[in-house]
Amino acid sequence: MTDTRPHLDDFARFIQASPSSFHAAAEAARRLDDAGFTALDETAEWPTGPGRRYVVRDGAVIAWIEPATATATTPFRVVGAHTDSPGFKLKPKPTTGTRGWLQAGVEVYGGPLFNSWLDRDLEFAGRLVSRSGETHLVRTGPLLRFPQLAVHLDRGVNADGLKLDPQRHLNPVVGAGPLDEADVLGHLAGLAGLTGADVTGYDVVVADTAPPAVLGLSGELFAAGRMDNLSSTHAGLVALIETATAGVELDHVAVFAAFDHEEVGSATPSGAAGPLLEDVLARVSAGLGATTTDHRRALAGSWCLSADAGHAVHPNYPERHDPVNQPVVNRGPLLKINANQRYATDGLGAAEWSRACEQAGVPFQEFVSNNSVPCGSTIGPITATRLGIRTIDVGIPLLGMHSARELCGADDPAYLSRAAAAFLAPDA
């Protein structure tokens, strides 16, 4: 396959614009606006009839294309992803320090690889909420580091392994000087044109500031932060916008859903276990004049493509993978399979994914875990359980998942997006 570099360059721009889930949702909204989608307010009455529309709830975004031919029982095709990544979140009373160092109090978010965050130039990014209830997106640029203890002071570290206590050892340095003259929250507020006293709430995370990079002897690799799961968020967004602008005649409602909080269980108002997607689909059906029975008929004929990054075989740890199914980079996205339904793929889903990839001219690979190394899960089983929609789990293969900086094949992000577009518009 050729000409995947423009997609990769656009993916890099999306990553750089999205240091937090709130920034990712805002960047998705900006792109949807440019593509002629209309933003809707969840508290308002929604328009009916054909159109391109979207809603943003906190760090989540759902967008859809309603065709002119849609009826009360028209099914949905949903590409689902998530906007959050494992890392660290700013605590209340965040300004701390000792022995001349200024530090920030942070809490572990999800399951990051602690050691990958050490000795990197990091930033704070997220949202501030003022007394008036207004939301302000902020990002600091390079500001903080988790400094590692020098090898001279820990002579056994290479032989015995690095052991990090998240409370004692993961308090990032943000400066040097008197503690009573420092104010982390005040610094963030100033970037938004506020004072620290103006800020009554915030959701701020730590993000890597190193730009994405193309690597490898032939430029065949790509490294960046937050590819779990901005790789799927970007792929699904691009697929929906391309479907909208291509003028494809749809016999279903095409949907892109990017949720927040997948890394901590999805059980939030903007997470996949919450009511957001269910509410949006119900309101779309209601706008088509659907009864409760009509809507359930629509869901019974619907599909969801749950897209989330998976594991490429690690060359230094091949024994941690299934001995037969060992995906490698640049040979296509993964079809993720698990007998215990940690992934939602079944035989019918596998056949539909094969059809979409064949239509798109994209290769794909099966992924299944080593029986001794249980896999994680995704929004797939949650969506399938909550809505009863037949669901397929897929994603690009990565090395270093949950690291501050992950590695993928340079072709795979485009492969995933093209397959997602074929899923959204079968036989287009």
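Figure 1. Leu399 stands opposite Leu407, a residue of β20. This view, like those that follow, is taken from a predicted model. Strands β19 (residues 397–399) and β20 (residues 406–409) run antiparallel and are joined by 2 bridges. They belong to an open sheet of 5 strands with mixed pairing, in the order β11-β12-β20-β19-β15. The edge strands of this sheet are β11 (213–215) and β15 (310–311), each of which pairs on one side only. Helix α1 lies across β11 and β12 (221–224), and its direction is at about 10 degrees to that of β12.

**Figure 2. The packing of helix α1 against helix α10.** Two packed helices are described by the angle between their axes and by the distance between those axes. Helix α1 (residues 5–16) and helix α10 (residues 412–424) pack with their axes 8 Å apart, at an angle of about 95 degrees. Because of this angle, α1 is roughly perpendicular to α10. On α1 the contact is made by His7, Leu8 and Phe11, and on α10 by Pro413, Ala414 and Ser417. By class, the residues in the contact of α1 with α10 are 4 nonpolar and 2 polar, with no charged residues.

Figure 3. An open sheet is formed by 9 strands in the order β1-β2-β3-β13-β4-β14-β18-β16-β17, and its pairing is mixed. At the edges stand β1 (38–39) and β17 (365–367); each has a single partner strand, so one side of each is left without a neighbour in the sheet. Strand β16 (residues 334–336) pairs with β17 in the parallel sense over 3 bridges, and Lys336 has Phe367 of β17 as its bridge partner. Helix α8 (residues 347–360) lies across β4 (76–82), β14 (303–307), β16 and β18 (390–395), running at about 55 degrees to β18. Helix α10 lies across β4, β13, β14 and β18, and runs at about 155 degrees to β4.

Figure 4. Strands β2 and β3 run antiparallel and are joined by 7 bridges; Arg57 has Ala60 of β3 as its bridge partner. The hairpin of β2 and β3 has 2 residues between the strands, and Asp58 there takes a positive phi near 55 degrees. Strand β3 also pairs with strand β13 (residues 253–259), in the antiparallel sense and over 5 bridges. Here the bridge partner of Val61 is Ala258 in β13.

Figure 5. Side chains of opposite charge can pair when their charged atoms come close. Glu66 and Arg53 form a salt bridge in which the closest N and O atoms are 3.6 Å apart. Glu66 lies in strand β3 (residues 60–66) and Arg53 in strand β2 (residues 51–57), so the pair ties together parts that are 13 residues apart in sequence. Glu66 has a relative accessible area of 6% and is therefore buried. Arg53 is likewise counted as buried, because its relative accessibility is 7%.

Figure 6. Glu27 forms a salt bridge with Arg30, with 2.7 Å between the closest N and O atoms. Both residues lie in helix α2 (residues 21–34), where Glu27 and Arg30 are 3 residues apart, about one turn of the helix. Glu27 is buried, with a relative accessible area of 10%, whereas Arg30 is partly exposed at 40%. A network of salt bridges links Asp10, Arg13, Glu27, Arg30, Arg31 and Asp34. The structure holds 20 salt bridges.

**Figure 7. A salt bridge between two loops.** Asp119 and Arg145 meet through their side chains in a salt bridge with an N to O distance of 3.9 Å. Asp119 lies in the loop between β6 (101–109) and β7 (122–130), and Arg145 in the loop between β8 (135–139) and α3 (157–160), so the pair ties together parts that are 26 residues apart in sequence. Asp119 counts as partly exposed at 36% relative accessibility. Arg145 is also partly exposed, with a relative accessible area of 34%.

Key. Residues are numbered from 1 along each chain as its sequence is written. This is a predicted model: local features need pLDDT of at least 70, side-chain atom pairs count only at pLDDT 80 or more; totals for chains, interfaces and linings use all residues. Side-chain values use heavy atoms; hydrogens and water are left out. Axes are lines fitted to C-alpha atoms, for helices over the stretch in contact, and angles run from 0 to 180 degrees between N-to-C directions. Helices (H or I, at least four residues) and strands (E, at least two) are DSSP runs, numbered from the N terminus. Angles under 35 degrees count as roughly parallel, over 145 as roughly antiparallel, 65 to 115 as roughly perpendicular and the rest as oblique. Contact means heavy atoms within 4.5 Å. Ala, Val, Leu, Ile, Met, Phe, Trp, Tyr, Cys and Pro count as nonpolar, Asp, Glu, Lys and Arg as charged, and the others, Gly among them, as polar. A salt bridge is a side-chain nitrogen of Lys or Arg within 4 Å of a carboxyl oxygen of Asp or Glu. Buried means under 20% relative accessible area, exposed over 50%, partly exposed in between (1.4 Å probe, protein chains only). Two strands pair if DSSP finds at least two bridges between them.
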